[in-house]
Number of protein chains: 2
Amino acid sequence: MTERFSVLYLIFAANRAEAEARAEGIAREQTVEVPRDVVPAGYIEDVILGQVAAVTEDGEGTFRAEITYSPDSVGTDLPQLINVIFGNSSIQKGLKVIDFKASPALRTLFPGARFGIDGIRRLSGRETGGFVCPVIKPQGSTAERLAEISYMAARAGADIIKEDHGLSNQPAAPFRERVSIMAREVARANAERAEAGDTACALYFANLCGPGLAIRDYAMHAKEAEAHGVLVMPGLFGFDAINQLAADDDFGLPIMAHPSHLGPYVLSPDTGYSHGVMFGALMRLAGADISVFPNVGGRFGFTEAECLDITDQCRAADGYGRPILPSPGGGMTMERMPDMMRMYGPDCVYLLGGGLLRYGDRIGEAIGDMRRALDTDMPGSAARA
Amino acid sequence: MTERFSVLYLIFAANRAEAEARAEGIAREQTVEVPRDVVPAGYIEDVILGQVAAVTEDGEGTFRAEITYSPDSVGTDLPQLINVIFGNSSIQKGLKVIDFKASPALRTLFPGARFGIDGIRRLSGRETGGFVCPVIKPQGSTAERLAEISYMAARAGADIIKEDHGLSNQPAAPFRERVSIMAREVARANAERAEAGDTACALYFANLCGPGLAIRDYAMHAKEAEAHGVLVMPGLFGFDAINQLAADDDFGLPIMAHPSHLGPYVLSPDTGYSHGVMFGALMRLAGADISVFPNVGGRFGFTEAECLDITDQCRAADGYGRPILPSPGGGMTMERMPDMMRMYGPDCVYLLGGGLLRYGDRIGEAIGDMRRALDTDMPGSAARA
C-alpha cells in the first residue's frame with residue numbers, strides 16, 4: 001500500500017470531543033467532501049478518505065490534529081496537493097496548517113529546489129558569508145535607469161541583483177526590453193569584477209510578470225536574455241508556477257519566491273498557515289531556492305519568533321528537498337545589520353530595499369559597506385569583534 | 001491624462017493621524033516601494049506614486065482610505081493589477097480591501113465575464129427561476145460512476161452539472177478520460193430531455209486541474225470533449241487563469257469560480273478582502289460567470305450579511321463588466337430551500353452537495369423536488385403560497 005502523507009492542523013475548539021469531530025470533518029472535507037454515512041465502502045473509504053491519526057491537546061482551547069492522506073487523493077499535480085492540504089478547509093474558522101510530512105510518492109512527483117543553498121553558492125561563487133541583495137526599483141523608471149543602478153550595485157560586489165516585484169510590463173520599462181538591458185549591464189559589471197580578480201559574481205534575478213499562463217514564456221525569455229534566475233510571486237501566479245519551472249530542465253535557473261499577496265495566509269492566529277510552513281516548508285515543496293519574507297521590526301510586524309520559524313524551515317536538513325536560503329527584507333538599514341547577522345547567520349540573502357536609493361550614484365559604497373559588515377561581523381567569522 | 005482607478009481600504013488605526021500616515025505608506029508600498037524622500041520627481045512622483053484621495057473615519061479605530069493609482073502602474077496584466085491593489089500591503093496587519101473602482105483603461109484591458117447572468121440563461125435555456133446545480137463526487141469514484149450520477153441528475157432537470165473541485169488527475173478518474181465520459185452522458189440526458197419537449201438543458205462544467213501552466217490545454221480539452229463550461233480555482237491557479245480564459249475567443253465557454261484555498265482572504269476582520277470584494281467584485285474583474293461561495297449556516301460560518309454582500313456585488317448593475325450568478329453551497333438541504341430562495345432569489349445557482357448521494361439511484365427525485373421548489377416557491381412566482 002502506498003505510504004500516506006500527513007498534515008498537522010491546529011484546531012481551535014472548546015474541548016477534545018469538538019476537536020475530534022472537527023478533525024473527522026476536515027478529513028472528509030479535504031477528500032470525499034460528502035457526509036460520513038454516504039462515503040462508498042472499499043477503496044474510497046479505505047484509501048481516499050482522510051484518516052485522523054491523532055488529536056492532542058496543544059493549549060487552552062487549541063488541539064493538534066494529524067490527518068493522513070493518500071497520494072491517490074492528489075494524483076499528479078501540485079495544485080491538487082495544496083487542495084488536499086488546505087483547499088476548502090482554508091474557509092473554516094479556527095483552523096491552521098502548522099506542519100506537513102511528505103511521503104516518498106510526493107517527493108518523486110515534486111522534486112523541490114533545483115539549487116538550494118549549495119547551488120546558489122556554486123552559481124554565485126560566494127562560498128561563505130551572507131549574500132548581499134539590492135532590490136532594483138522604483139517602478140516607473142526607465143529600463144536604462146534600472147540597469148544603471150544594477151550595474152553600480154553589481155560592480156560594487158552585490159551577490160544578487162533582484163528586481164522589485166512591482167516591475168512588470170509598465171510602459172516605462174516593459175519586461176522584455178528591461179530584462180535584456182538589465183542582464184547586459186550586470187554582465188558588464190561581472191566581467192569587470194572577474195578582470196579585477198573577484199571569484200564571485202552577481203546573479204541577476206528577473207521578476208516574472210505578464211499573463212499567468214505565459215509565465216514559462218517569460219521565464220525562457222529571461223534565460224535567453226542571460227538573466228541568472230527569476231523572481232516568482234506564488235500569491236499571484238500560484239505555487240505550481242514555481243514547481244513547474246523548478247522541474248523544467250530546459251529552463252533550469254534558480255527561483256526566488258516573493259511573498260506578495262500571501263499576507264492573509266499568515267497574519268491571523270486562527271486561519272491560514274504558520275509562518276514557517278508558508279515561507280519555509282511550502283516554498284521548499286514548490287521548489288524555490290530562495291524565500292523572501294518580511295523581516296522582523298520592519299513595516300510588516302512579523303515577530304522574531306515567526307522569522308526564525310521561517311528561517312529554520314527554509315534551512316532544516318530534514319525538510320522537503322534541498323535546504324533553501326531565507327531572504328528577510330523590508331526596512332533593512334546598515335544600523336540593523338549586526339542584529340540581523342546574529343539572528344540569521346551566513347546562509348541568508350540580505351535584501352536592501354528602497355533606502356539604498358538615498359545613496360544616489362554612490363550606491364556602490366552602501367553595497368561595499370554591507371559586504372564588509374557581512375564578512376567581518378558574522379558570528380563564527382575570525383574577524384568578529 | 002489617463003484616468004486613475006481607486007481602491008478603498010479599511011485601516012485599523014488609533015487615530016486619524018496614524019490612519020493618514022498609513023494611507024501614505026500604502027500608496028508608496030503598492031507602487032514605488034521606496035521612502036518618500038527618494039521618490040524621483042516628475043513622472044514617477046506625479047503619476048506612478050499612489051495618491052491618497054481621502055481618509056474618513058469609519059468607526060471606533062477604523063478609517064476608510066481611498067487611494068488612486070495610475071493604469072501605468074499596472075501595465076498590461078491582471079496579476080500586476082492585483083499586485084497594485086493589495087500585493088505587499090496584504091502582509092500588513094490591520095488593513096482590508098473593501099472596494100475597488102475601475103477606470104476605463106482597466107475595463108478595456110480586462111473584459112470581465114463573457115456570459116454573465118443573461119448569457120448563462122441563454123446557454124441553458126433556463127429563462128427564469130433559480131438554477132439547480134448538483135455537485136458530482138466523491139473523489140476516488142470511477143469516471144463511469146461519476147458520469148452515471150451526472151446522467152441521472154441531468155436527466156431529471158438539473159441546469160448545471162458541476163464537478164467537485166477535488167476531482168483532479170486521480171488514478172480512479174483522470175481528467176481527460178473523465179471529462180469525455182461525463183460530457184457524453186450529460187449529452188445523452190440532454191438529448192432525451194429535448195425529445196421530451198424540455199427547452200432547457202444541463203450545462204456540464206468540468207473542473208480544471210492538472211499543472212498550473214497547462215490550464216489552457218485542459219480547458220481546450222474540455223471544450224473539445226463538449227463540456228459546456230469549466231470550474232476554475234483562482235486560489236490555486238491564480239485569478240489570471242480565469243481572466244485569460246474569459247478573454248480567449250478560441251475557448252469561449254463560461255467559467256465558474258470556486259473558492260478553494262481563498263478562505264484566509266476573508267476570514268479575518270482585519271486582513272484580506274471583504275467578502276463582497278473577494279467573491280463578487282474580484283470574480284467579476286477576473287471574468288467569472290458564476291461565483292461559488294460558502295452558504296450561511298453551513299459548515300463555513302459565513303454570516304447572512306456576508307453572503308448578501310457577495311450576492312449584491314455579483315449582481316449589481318454598476319459593477320465590473322456583466323452581472324454574474326452567485327452560487328451559495330455547503331450543507332444545503334431541501335428543508336433549507338425556502339429560506340434560501342427568499343434570501344437569494346432567482347438569479348442564483350443553487351448548489352446541491354454531498355447530501356444528494358443519500359438518494360442513491362433516486363437522485364433524480366431530489367433534483368425534481370428542488371426544481372419544483374424553485375419554480376413554485378420563489379418570491380414573485382404566481383404559484384407562491
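Guide: Two residues count as in contact if their C-beta atoms, placed from the backbone, lie within 7 Å. Keep in mind that this model is predicted.

Visitor: How many residues of domain 1 of chain A are in contact with domain 2 of chain A?
Guide: Start with the division of chain A: domain 1 spans 5-109 and domain 2 spans 116-377. Their C-alpha centres lie 33 Å apart. Domain 2 of chain A brings 13 residues to the contact, and the number from domain 1 of chain A is 13.

Visitor: Which element gives the largest share of the side of domain 1 of chain A that touches domain 2 of chain A?
Guide: Two elements of chain A each supply at least two residues of that side of domain 1, namely α4 (78-86) and β4 (95-101). The largest share is six residues, and it comes from β4(A).

Visitor: By class, how many residues on that side of domain 1 of chain A are nonpolar?
Guide: Sort the side of domain 1 of chain A that touches domain 2 of chain A by class. One residue is polar and three are charged. The nonpolar count is nine.

Visitor: What is the strand order of the open sheet in chain A?
Guide: This open sheet has four strands, with antiparallel pairing. The edge strands of chain A are β2 (51-59) and β4, and each pairs on one side only. From one strand to the next, the twist averages 20 degrees. Reading across, the order in chain A is β2-β3-β1-β4.

Visitor: Which residue in β3(A) stands opposite A:Leu8?
Guide: Strand β1 (residues 5-12) of chain A and strand β3 (residues 62-69) of chain A run antiparallel. Eight bridges join these two strands. Opposite A:Leu8 stands A:Glu66.

Visitor: Which helix lies across β1, β2 and β3 of chain A?
Guide: The helix in question runs at about 140 degrees to β2(A). It covers residues 16-29 of chain A, and its name is α1.

Visitor: Which element gives the most to the side of chain A that touches chain B?
Guide: Here 71 residues of chain A are in contact with 71 residues of chain B. On the chain A side, the elements that give two or more residues are α2 (43-48), α3 (71-74), α4, α9 (215-224), α10 (234-237), α11 (239-246) and α12 (264-267). The element that gives the most supplies five residues, and it is α4(A).

Visitor: By class, how many polar residues has the side of chain A that touches chain B?
Guide: Take the classes of that side of chain A in turn. It has 29 nonpolar and 10 charged residues. Its polar residues number 32.

Visitor: Is α7(B) roughly parallel or roughly antiparallel to α8(B)?
Guide: Helix α7 (residues 143-155) and helix α8 (residues 175-195) of chain B have axes 8 Å apart, at an angle of about 25 degrees. Angles under 35 degrees count as roughly parallel. Therefore α7(B) and α8(B) are roughly parallel.

Visitor: In the contact of α7(B) with α8(B), how many residues are charged?
Guide: α7(B) passes α8(B) in a right-handed crossing. The contact residues include B:Glu144 and B:Arg155 of α7(B), and B:Glu177 and B:Arg178 of α8(B). By class, nine are nonpolar and two are polar, while the charged ones number nine.

Visitor: Is the crossing of α13(B) and α14(B) right-handed or left-handed?
Guide: Helix α13 (residues 275-286) and helix α14 (residues 304-315) of chain B have axes that come within 8 Å and cross at roughly 30 degrees. That makes α13(B) roughly parallel to α14(B). The crossing is right-handed.

Visitor: How many residues of the contact of α13(B) with α14(B) are nonpolar?
Guide: Among the contact residues are B:Val277 and B:Phe279 of α13(B), with B:Ile310 and B:Cys314 of α14(B). Four residues of this contact are polar and three are charged, while the nonpolar ones number five.

Visitor: What is omega for the peptide bond from A:Lys137 to A:Pro138?
Guide: Most peptide bonds are trans. The bond from A:Lys137 to A:Pro138 is cis. A:Pro138 is found in the loop between β5 (131-136) and α7 (143-155) of chain A. Omega for this bond is near 5 degrees.

Visitor: What is omega for the peptide bond from B:Lys137 to B:Pro138?
Guide: B:Pro138 sits in the loop between β5 (131-136) and α7 of chain B. The bond from B:Lys137 to B:Pro138 is cis, with omega near 0 degrees.

Visitor: What is the phi of A:His261?
Guide: Most residues other than glycine have a negative phi. A:His261 is in the loop between β9 (255-257) and α12 of chain A. A:His261 is not a glycine, yet its phi is positive, at about 70 degrees.

Note on methods
Residues numbered from 1 in each chain as written. Chains lettered and ligands numbered in written order. Predicted model: local features only at pLDDT ≥ 70, side-chain atom pairs only at ≥ 80, totals over all residues. Axes fitted to C-alpha atoms, helices over the stretch in contact; angles between N-to-C directions. Parallel < 35°, antiparallel > 145°, perpendicular 65-115°, else oblique. Left-handed = near helix turned anticlockwise from the far one by under 90°. Nonpolar A, V, L, I, M, F, W, Y, C, P; charged D, E, K, R; others polar. Domains from an automatic or database assignment. Pairing = 2+ DSSP bridges.
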